[in-house]
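Subject: Structure handover

Hello,

Here is the structure we talked about. My notes on what was found in it come after it.

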Amino acid sequence: MIAQPNRRQFLSTMAGAAIAPTIIAADTKPKKLGYALVGLGGLSTNQIAPALQTTQHSRLAGIVTGTPAKEKVWAEKYGIPEKNIYNYETFDQIADNPDIDVVYVVLPNSMHREFTERAAKAGKHVLCEKPMATSVNDAEAMIAACKNAKRKLAIGYRCQFEPYNLECKRLAREKVFGDLRMIDAGFGFRSGNPNQWRLKHALAGGGALMDVGIYALQACRYLTGEEPSVISATEVKTDPVKFKEVDETILWNMTFPSGVVANCNTTYKFSGVNRFRAFADNGWFSLEPAYSYHGIKGRTSKGELSFEDIDQFAAEMDDFSRCILEDKDSIVPGEEGLKDMIAIEAIYKSIRTGTEVKV
């Protein structure tokens, strides 16, 4: 029997992210904003912290963790001073720390709202992992909190900085193959540990759809440049014990105002689902794998696509830092996360009611 990869192994065998070039005078150094990571799980440990060692405008300045044993390990590895180390109870003291400009929320989904609001109140800009929240209401509250505090909010949609995804977005928007007509998109993997927080509804808010299905949803939205107008969905659950609290497999269809139809799926049960293909009047283009950390591959009806494999996390953080330094809007603001939550709630509503939902 071939062992199935866990979520981290599955993703880290495949993805990349484009750091936009910055022209800097020879006698100057780019300003680096200090980031504090809230939550030191696998994503922070294996992807985000290493990425911060390669960024031009961002640096790892602090950590927030509920596990005391991690404090010393991280402090020694990254040279983090004791004054920049917090736990969830002392987090609000970050307001008095000028070393930290940005709080990157890397916690279970249901905690995103709380720590985004607390970070904004502390006067810090916020980069929050996807999904933005577990409800539309929470997403709206997060946006309001950052606006009221006059702080910027961005969501960790790393694929929107990845060269292959960006090229497919260009092909669609510029109608290189004619008008877009249909999209087939999916992302899933075989979920391992039955005790992980992602299978607990109180922490995750949902299962495969919230975790990885959101990538397929995002792809359809940024390829079309539209929001879905009608959604219908079906849930399949082959293991009702393991996936008692969250969705295991979901198939959904979306119709966009222009007439584009998207057929999507996501799963925690089956491996090898990681792609999209877009069909236009005069050809097609696709990525497979499409959403991984490294190794993305692209093709079109005219041939292969070829781009640099980059660190997507470094790209998204440096872009956010530049937005702060230059006081400009992010391409993945809180409003982008809210639009995904509106569609996700429509998908779940369609499953509950057994009817199509107008968005």
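Ala172 sits in helix 6. Please keep in mind that this is a predicted model.

Ala172 has a relative accessible area of 9%, under the 20% cut-off, so it counts as buried. Setting aside neighbours within four places in sequence, its contacts are Leu180, Leu223 and Phe285. The C-alpha atom of Ala172 is separated from that of Tyr222 by 9.0 Å, although the two residues are 50 apart along the chain.

Both Leu223 and Tyr222 belong to helix 8, where they take part in the contact with helix 6. On the helix 6 side (residues 163-173), the contact is made by Asn165, Cys168, Lys169, Ala172 and Arg173. On the helix 8 side (residues 208-224), Arg221, Tyr222, Leu223 and Thr224 meet them. By class, the residues of this contact are four nonpolar, two polar and three charged. The two axes come within 8 Å and cross at roughly 45 degrees.

Six strands form it in the order 3-2-1-4-5-6, with parallel pairing. Its edges are strand 3 (85-86) and strand 6 (153-155), each of which pairs on one side only. Helix 4 (residues 112-121) packs on this sheet and touches strand 1 (33-38), strand 4, strand 5 and strand 6. The direction of helix 4 makes about 160 degrees with that of strand 5. Within the sheet, four bridges link strand 4 (residues 102-105) to strand 5 (residues 125-128) in the parallel sense. One of the bridge pairs joins Val102 to His125 in strand 5.

Strand 10 (residues 261-267) has partners of both senses. With strand 7 (residues 180-188) it pairs in the parallel sense over seven bridges. With strand 9 (residues 249-255) it runs antiparallel, and seven bridges join the two. Cys264 in strand 10 stands opposite Ala185 and also opposite Trp252. Strand 10 is largely enclosed by the rest of the structure, because five of its seven residues are buried. The hairpin of strand 9 and strand 10 has five residues between the strands, and Gly259 there takes a positive phi near 105 degrees.

A disulfide needs two cysteine sulfur atoms within 2.5 Å. For Cys220, the closest cysteine sulfur is that of Cys264, at 3.6 Å, which is too far for a bond. Cys220 is buried, with a relative accessible area of 0%. For Cys146, the closest cysteine sulfur is in Cys128, at 9.1 Å, and that is also too far for a bond. Cys146 is buried too, at a relative accessible area of 1%.

Regards

How values were computed:
Residues are numbered from 1 along each chain as its sequence is written. This is a predicted model: local features need pLDDT of at least 70, side-chain atom pairs count only at pLDDT 80 or more; totals for chains, interfaces and linings use all residues. Side-chain values use heavy atoms; hydrogens and water are left out. Two strands pair if DSSP finds at least two bridges between them. Contact means heavy atoms within 4.5 Å. Axes are lines fitted to C-alpha atoms, for helices over the stretch in contact, and angles run from 0 to 180 degrees between N-to-C directions. Ala, Val, Leu, Ile, Met, Phe, Trp, Tyr, Cys and Pro count as nonpolar, Asp, Glu, Lys and Arg as charged, and the others, Gly among them, as polar. Buried means under 20% relative accessible area, exposed over 50%, partly exposed in between (1.4 Å probe, protein chains only).
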